[in-house]
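Visitor: I have a chain open here and would like to talk it through. Can you walk me over it?

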Amino acid sequence: MWWWCGLIGILVESRSLRRLLERTILTNTNTRAGSRNYSLNPFPALTVLMTGISMGNHHQDTAYSTNIHYMWGFLLASAACCRFVTYLPLYRNMLTDVQPSRPPSELLGTFLLIAGSLLFVTSNSGTLLWLRRNNVDTMFLMNVCVALTSITLCYVATLQIIKAWAERREANKQEERRQQNMEQQQ
């Protein structure tokens, strides 16, 4: 599944293949399609969706393990659905702004994908055995993963804020230097 969906995704992303197909369409219809600077490639989301469904439903030895696999499979599948929801307005209305848009479905999808990935990491047999021996409830584990996801996203947001502050500070310093050089030349 991963190999073939990946190959289809690469073919969809290929600019030369897109130009070849557009050339065929344009010679047959004499219409010019609008060009997009972004991709509406559904195959990565489809791959994550199918992985989430299959991982959430495959056989496990214990009910505890089945419950954890179901939760992270559900989170992955939900993240893929959020990506599909993002495609709808992008397909209907071509973006005109050069700034990236931040639809809520992408933010929610990011959160779900990170939380599902953290649950996936905890679903190995050694960790599950330790969790069961210590009577850790699956919902407690889910809450811990949600908290770690929130901490991770706060950390990333903090780094982005620091980066933006540093870039603005450096731009202001360069502007001051440029003005000083202009004053000295006069």
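Predicted model: local features only at pLDDT ≥ 70, side-chain atom pairs only at ≥ 80, totals over all residues.

Visitor: How many helices and strands does the protein chain have?

Guide: The protein chain has 7 helices and 0 strands. Helices (H or I, at least four residues) and strands (E, at least two) are DSSP runs, numbered from the N terminus. Along the sequence the pattern reads α-α-α-α-α-α-α.

Visitor: And what share of the residues is buried?

Guide: Buried residues make up 23% of the 186 residues in the protein chain. Buried means under 20% relative accessible area, exposed over 50%, and partly exposed in between (1.4 Å probe, protein chains only).

Visitor: What about contacts between residues 24 or more positions apart?

Guide: Such pairs account for 77% of the contacts in the protein chain with a separation of 6 or more. Contact means heavy atoms within 4.5 Å.

Visitor: Now H7. What should its 48 residues span?

Guide: At 1.5 Å a residue H7 should span 70 Å, and its end C-alpha atoms are 70 Å apart, which agrees. The expected span is 1.5 Å times one less than the number of residues.

Visitor: Which residues of H7 are buried, and what do they pack against?

Guide: Thr138, Leu141, Met142, Cys145 and Thr149 are buried in H7. The buried residues of H7 pack against H4, helix H5 (104-121) and H6.

Visitor: Stay with Thr149. What does it touch?

Guide: Leaving out residues up to four places away in sequence, Thr149 touches Phe111, Ile114, Ala115 and Leu118. Its side chain reaches the backbone nitrogen of Ala115 at 3.5 Å. Thr149 has a relative accessible area of 0%.

Visitor: Different topic. At what angle do the axes of H4 and H6 cross?

Guide: The axes of helix H4 (residues 63-92) and helix H6 (residues 125-133) cross at roughly 120° and come within 10 Å. Axes here are lines fitted to C-alpha atoms, for helices over the stretch in contact, with angles running from 0 to 180 degrees between N-to-C directions.

Visitor: Which residues meet there?

Guide: From H4, Tyr64, Ser65 and Ile68 meet Leu128, Leu131 and Arg132 of H6. By class, that contact has 4 nonpolar, 1 polar and 1 charged residues. Ala, Val, Leu, Ile, Met, Phe, Trp, Tyr, Cys and Pro count as nonpolar, Asp, Glu, Lys and Arg as charged, and the others, Gly among them, as polar.

Visitor: What do the buried residues of H3 pack against?

Guide: They pack against helix H1 (2-13) and H4. The buried residues in H3 are Ala45, Thr47, Leu49, Thr51, Gly52 and Gly56.

Visitor: Ile10, then: buried or exposed?

Guide: Ile10 is exposed, with a relative accessible area of 59%. Its place is in helix H1. Ile10 and Pro44 are 34 residues apart in sequence and 10.0 Å apart in space, C-alpha to C-alpha.

Visitor: Last one. What is phi of Asn135?

Guide: Phi of Asn135 is near 55°, a positive value in a residue other than glycine. Most residues other than glycine have a negative phi. Asn135 lies in the loop between H6 and H7 and is exposed, with a relative accessible area of 70%.

Note on methods
Residues numbered from 1 in each chain as written. Heavy atoms only, no water. Polar contact = N/O pair within 3.5 Å; in protein donor to acceptor, adjacent residues only side chain to side chain.
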